[in-house]
Amino acid sequence: MSKYIFIIVSSTFLTYSVIGLTENRTIDSSTNNAVDFYSYSKAIEISKSGMQMVMSQVGDDPDWRSSAPQKINCFDGDVTFYVKDTIFNGSELIKFYVDGSFNGFNHILTAYVDRFPLGPPAMRGAITTNNDVVTLGSLNVDGRNHTIKATLVPYSGTYAIWTTKTVSQEGSSSLGGTFVGEDIPLSNPADPRVIAELQSYPGGFPTSPDSILGGPAYGYPEGTLKSIAMSGVKGSQYVTDPNLLSHPLSGVTYVELTDKTPHNKWEDALVEGSGILVVHNKSTNARIWNMELGTFIGLVIVDDLVHVHSTIIGALIVLTPNPSSGNTIGNSDGLVLYSTEAIRLALTKTEVPPKYNYGFGKNRLYIKHWYE
């Protein structure tokens, strides 16, 4: 009898042992799954927080980049990231790569944003045109980024010349710029990477100063710049005769010339000052003939510009597809230095609030692509 009792007790003990082990395994598995789920969720949140931090950095300082991967601690985990200029789907963009890790789990985010978050959407180079361009003489066009004091800001520039047509570099003229984060010094002949020819502009190249700044979507419906110039805010001026301008220029300077030749020409122009300079008329044939003197810090938007012999720190945009004189942007001494600082300061003179996506979870940047 005792033998049977022993068998029953042993069987019962074995059964409970198996049940207990199974339950323990289930508990252990559930615990591990919970820990894994928590760790991966935490990695996701760390990566998203990291992306917000690096995007905010660029939002505060659009020239900031980190081409070499960096690693920082974030919420008891780690964030590895890099930020660099790139070409993606044929567009100049900023690439953000963020890898958030926690307890052995990783979550990777990659985002591409507009390279010009604080600049006019139509500004694509130190000089941007809708026509063929010829550089002659000793004109220097440098698309590398500079401060308003002409100090180089590394790895954050653009093309020397961007155009929907062609570029001919002649004489002793020199061109330099930045391509995908690499600064390329002035040279003759130029490195082909600093020249963008035969480009297309989505929807067609803008035909007015306000559309250059983005039009209504960016806060510049037609007539905005002219209205600001007429208001006189921050030293702005509106004239139909450039001889009536007061110097130094500031704010928005709007010179509206007649479209009747030969009076559609501002000849031997003194351009000294800062802000936004517009030379325009409804036929897009207002021209500066010889920008002879002065240093202008900011953004120059002109229908037709023949011969830059002075200094522009910022950017130059030419509207006409039909230039009046052999497409020659410069035939003697002249200097165009790309400067995002100068352009941003110029835009503040309009007092038009920037159209950025501020707010919680937003980055002040225009996100084009997002992958995770």
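This is a predicted model: local features need pLDDT of at least 70, side-chain atom pairs count only at pLDDT 80 or more; totals for chains, interfaces and linings use all residues.
Two strands are taken to pair if DSSP finds at least two bridges between them. Three strands make up an open sheet, arranged in the order β15-β17-β19, and their pairing is parallel. The edges are held by β15, spanning residues 265-270, and β19, spanning 304-308, each of which pairs on one side only. On average, neighbouring strands of the sheet are turned by 20° against each other, with direction ignored.

Strand β17 covers residues 287-293, and five bridges join it to β15 in the parallel sense. Within this pairing, Glu267 has Trp289 of β17 as its bridge partner.

Attention now turns to open space in the model. Rolling a probe the size of a water molecule over the atoms shows where empty space is left. The largest pocket holds about 520 Å³ of space. Its lining counts 21 residues, and those nearest the pocket centre are Gly90, Ser91, Glu92, Arg124 and Pro202.

At least two residues each come from β2 (77-88), β3 (91-102), β8 (159-163) and β23 (367-371). Of these contributions to the largest pocket, β3 gives the largest share, with three residues.

Methods:
Residues are numbered from 1 along each chain as its sequence is written. Side-chain values use heavy atoms; hydrogens and water are left out. Helices (H or I, at least four residues) and strands (E, at least two) are DSSP runs, numbered from the N terminus. Axes are lines fitted to C-alpha atoms, for helices over the stretch in contact, and angles run from 0 to 180 degrees between N-to-C directions. On a 1 Å grid over the protein atoms alone, a cavity is a set of points where a 1.4 Å probe fits but cannot get out, and a pocket is an open set with protein on both sides within 12 Å along at least five of seven lines; lining residues have an atom within 4 Å of a point. Grid points are joined across faces, edges and corners, and a volume is the space filled by probe spheres set on the points.
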